Amino acid sequence: MSQYANLTINGQALWHDLVTTAAYGGTEKGGICRLALTDEDAQVRSWFEQTCTALGCTVTYDSMGNQFARRPGTQNDLPPIMMGSHLDTQVTGGRFDGILGVLGGVAVLRALHTAGINTRHPLEVVNWTNEEGARFTPPMLASGVFGGAFTEEFAGSRPDAAGITLRQELERGGFVGAEQCGQHPATAYFELHIEQGPVLEAEERTIGVVTGVQGMRWYDVVVRGRSAHAGTTPMPMRKDALLAAAGMIEQVNAVAQAHAPEGLSTIGIITALPASSNVVPREVRFTVDLRNPSEPVLQAMEEDFLRRMDECAQKSDVHVSVTPTWNSPAVHFDSRCVACVKDSTHELGYSMRDIVSGAGHDAVYVSRVVPTAMIFVPCLHGISHNEAESATPEDVTAGSNVLLHAVLKADQEF
């Protein structure tokens, strides 16, 4: 049992922080629209810096605008133990996704500051830039640069819908630090997050001990047929791109069914041209998202998907092209960090289960260069990326207490 067994975070202060930060970009339906590097994002970044400075931290930025709030340790030559997530949201995002991971870290700093406890390692809370990818795609750009998945040149060149690049917005906000992204040393990284799924709530478990993140692959599919008059072209003589795409979409679903129970497939966006009610569509574009916790199975799903697309195209006498746009391999978190989470949860008396994350997180890329683990807490009905996203004060407090004690264990054991 830890010497700090009775130490807990201030749940009321944490909830107050969640309510306070929800005002930056708050929507009428109770959610948040706070896209990366907008004025609203700058406001919450300023709040984060002021709050952490008041707790005795020094706040710095790296060259990708990642924000580091550092609390000194008794051995400041040791690389820090990091906690964190992101403060940007979806266009119609909720109040907990990502935000809880940052504010849970703040709650840990506050608990230690109030109790006058000094850790061996410096502690840091990190706010990663553009995790959501709602403004600049792909998602997790800055943590991706940190972990070596993307170059800084690529990330900085990513444009939003108006053609403004991420680099331009970093410079506009004054968020470009002197430290090169990826050169920041760390001993371990812990990320607290809502589950974004229904499992913990359904099983009435308070804590999900996240052992890894499933692999994800994204594709752009373009189906090309031939435009024709809807009233004069007989059905057998058509090359209807939309009809062919409908069959392909059904087959995308069949890919997941063929690799059940863990295979997942999703069509997220569909556009058809020329988008006229009396013209046979000549071109259809749609996106595909394939996921599986096993990298070999995910590879098999990709091969199955590509084969089915070709077969559908041949059957409908159209052309199909498939372009991979994102590949995030399956991740297995560090066993020592996972043990810190699991042991802390057990000692605090919370119900728990091992769980694999179905969604991507900054921890995916950070884990490439730093020992990493995640902590999940339930969210109402598993809803996330939605203004209705919700979690209870009791659960977010429990998750933050696990974060606190996992960090203290890592401080002694790493």
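**Stop 1: the largest pocket**

Select Pro-139, Trp-218, Asp-289, Arg-291 and Trp-326: of the 40 residues that line the largest pocket, these lie nearest its centre. Now colour β7 (215–224), β9 (264–273), β11 (283–292) and β12 (319–328), the elements that each give two or more residues to this lining. The pocket has a volume of about 1200 Å³. Its lining holds 16 nonpolar, 16 polar and eight charged residues.

Some terms before you move on. This is a predicted model, in which local features need pLDDT of at least 70 and side-chain atom pairs count only at pLDDT 80 or more, while totals for chains, interfaces and linings use all residues. Residues are numbered from 1 along each chain as its sequence is written, and side-chain values use heavy atoms, with hydrogens and water left out.

A pocket is an open set of points on a 1 Å grid over the protein atoms alone, with protein on both sides within 12 Å along at least five of seven lines; a cavity is a set of points where a 1.4 Å probe fits but cannot get out; lining residues have an atom within 4 Å of a point. Grid points are joined across faces, edges and corners, and a volume is the space filled by probe spheres set on the points. Helices (H or I, at least four residues) and strands (E, at least two) are DSSP runs, numbered from the N terminus. Nonpolar means Ala, Val, Leu, Ile, Met, Phe, Trp, Tyr, Cys and Pro; charged means Asp, Glu, Lys and Arg; the others, Gly among them, are polar.

**Stop 2: the second largest pocket**

By class, the lining divides into nine nonpolar, five polar and three charged residues.

**Stop 3: the cavity**

How many cavities of 30 Å³ or more does a search of the whole structure find? The search finds one. The volume of the largest cavity is about 30 Å³. Two of the lining residues are nonpolar, three are polar and three are charged.

**Stop 4: two cis peptide bonds**

Zoom to Thr-137 and Pro-138. The peptide bond from Thr-137 to Pro-138 is cis, with omega near 0 degrees. Pro-138 sits in the loop between β4 (123–127) and α4 (141–146).

Stay in that loop and pick Met-140. Met-140 is not a glycine, yet its phi is positive, about 55 degrees. Is Met-140 buried or exposed? Met-140 counts as buried, because its relative accessibility is 2%. Buried means under 20% relative accessible area, exposed over 50%, and partly exposed in between (1.4 Å probe, protein chains only).

Now jump to Leu-273 and Pro-274. A cis peptide bond joins them, with omega about 10 degrees. Pro-274 lies in the loop between β9 and β10 (279–280).

**Stop 5: Gln-196**

Find the loop between β5 (188–194) and α7 (199–203), and select Gln-196. Gln-196 is not a glycine, but has a positive phi of about 65 degrees. Its relative accessibility is 18%, so Gln-196 counts as buried.

**Stop 6: Pro-329**

Go to the loop between β12 and β13 (331–332), where Pro-329 is placed. Pro-329 is partly exposed, because its relative accessible area is 31%. Show its contacts (heavy atoms within 4.5 Å). Leaving out residues up to four places away in sequence, Pro-329 touches Gly-215, Glu-295 and Arg-368. Then draw a distance to Val-213: it is 116 residues from Pro-329 in sequence, but 8.6 Å away in space, C-alpha to C-alpha.

**Stop 7: the whole protein**

Zoom out. The protein has 12 helices and 15 strands. Its C-alpha trace spans about 80 × 45 × 40 Å along the principal axes. Buried residues make up 54% of the 414 residues. Among contacts between residues at least 6 apart in sequence, 79% join residues at least 24 apart.
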